[in-house]
Amino acid sequence: MEVDKGGYWEFLLGAKLRMTHGDGFQALFNDFMLRVHGDGFTPVKPHGSQGDGGMDGALGNDVFQCYGAENGHVINAARVCKKMTADFNRACETTPSMERWFFAHNLVDGVSRPLVDSLEQIKTRAAKINVEAGFFGLHSFRQLLKKMTEEDRAAVLGVRAQDDLMLARLPAAVNNLISALMEEIKPIMETYTSRSRVPRDKLTLNNISRHWTYQFEYFLMFSPISRAVMRRLGGEKQSLLLPSFFRLRYEELKHEGMTSSQILNTMKALLAGNVRNLDDDLREFAAMTILADLFESCVIFEETRQEANQDEIYDLAD
C-alpha cells in the first residue's frame, strides 16, 4: 500500500516551526524560499554597521520581515507590534519599489489579537502608497512544502519520512517509553489528581465513541507525567521522532478506511505490545496514558480549525 505522506510532512512542519525561533527561524524561512524560488529570492543580513533596511528577504518586489517566537507563542505582544510597525516603516523608506510586504512568523496555533490589529493599521497605511501587506504563516509554509522535492523536505525538516531503518528502531523506543512511564505511574496511580480538559470539539469532529471519551477523560490526568518522561528519555530529537512515528501509523490506518474506534484499538495494541515480563495491567495503563496524550496534543486524529484570528493568506509558492 502506498501511504500518503502529506499529513506526515505537515506534522513535521508544525513541530519544526514551534521548535525554531529568533535567527534560527529566519534561517529556516530562507531555506524554504531558496529551495522553492532559487536565486529569485534574496536573503538579507546586516553587514557591519549597515542594517537590513527593514527587510529579511526579497522576492522581486515582495519584501519579507521575519519573527520567530520562542515555542510559537508571543510573550510581549506590545514589543512585537512596535517592531512590526517599525520594520514596515523602514521598508517603505528604503525600498520605493516595494509592492507587497509580509510579516513571516512561526505562530502555528494562531496569531494574537494585538498583532492582527497592528497589521490592519499597517494595511491602511500601505494602501495609501499602493502596497499590499499581510502575514506569511503556516498556510504559506505548507504551500512551499508542496513545491519541494522529497530530498529538499528531508533536508529542511531534518527527518526522512521513508527511512525504514529509523522507523524499524522506533518500536524499541516506544517500549522504553512505556517501561519508564510504568515506573513513574505505579506509585501514584491511585492518588494522582491532576486534570486535563478533553477537547470536546475534537471528539465530535472525529466521531469518538462514548467508551473512548470516558477513557480519555480519565487517562489525560497523567499526560504531564507522560510528556516529562518523553523529554527525559530522548531529548528534543526523540520528542519529535516518536510523535512522527505515531502520526504516520495513524495516517496508514486512516488510509485503510478504519473507523475511529478501530484506529484507537490498533494504536493501543501497538503501544501495549506483547511483553510478558512486565505487569500486563500496568503496561496497559501506561499505554492508555500515552494514547490519550497523543489524542489531546493532536498527534493522532484531526484538529478542529478555528476560523477566528487566522492569518491573512498570500500564496507565494507559485
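Analyst: A residue is called buried when its relative accessible area is under 20%, exposed when it is over 50%, and partly exposed in between (1.4 Å probe, protein chains only). Helices (H or I, at least four residues) and strands (E, at least two) are DSSP runs, numbered from the N terminus. The model is predicted: local features need pLDDT of at least 70, side-chain atom pairs count only at pLDDT 80 or more, and totals for chains, interfaces and linings use all residues. Residues are numbered from 1 along each chain as its sequence is written, and side-chain values use heavy atoms, with hydrogens and water left out.

The part examined here is helix 9, which spans residues 210-219. Its buried residues are W212, T213, F216 and F219.

The whole structure has 23 aromatic pairs. For W212 and F216 the ring centres are 6.1 Å apart and the planes stand at 45 degrees, so this pair is tilted.

Another tilted pair is formed by Y250 and F301, with 5.0 Å from centre to centre and 50 degrees between the planes. This pair links distant parts of the chain, since Y250 lies in helix 10 (residues 223-255) and F301 in the segment after helix 12 (280-296), 51 residues apart. Y250 is buried, with a relative accessible area of 2%, and F301 is buried at 3%. Elsewhere, F25, F29, F32, F41, F64, F102, F136 and F141 form one aromatic cluster.

F64 of that cluster belongs to strand 3. Six of the six residues of strand 3 (residues 62-67) are buried, so the rest of the structure largely encloses this strand. D62, F64 and C66 point one way from strand 3, while V63, Q65 and Y67 point the other way. Two strands pair if DSSP finds at least two bridges between them. Strand 3 pairs with strand 2 (residues 57-59) in the antiparallel sense over three bridges, and six bridges join strand 3 to strand 4 (residues 100-105), with which it runs parallel.

For the setting as a whole, the protein chain has twelve helices and five strands. Buried residues make up 48% of its 318 residues. Contact means heavy atoms within 4.5 Å; among contacts between residues at least 6 apart in sequence, 75% join residues at least 24 apart.

Confidence is given by pLDDT, the predictor's score for each residue from 0 to 100. The protein chain averages a pLDDT of 77, and 75% of the residues score at least 70. The score stays under 50 over residues 159-170 and also over residues 306-318.

Terms used. Rings of Phe, Tyr and Trp (its six-membered ring) pair if their centres lie within 6.5 Å; planes under 30 degrees apart count as stacked, over 60 as edge-to-face and the rest as tilted.
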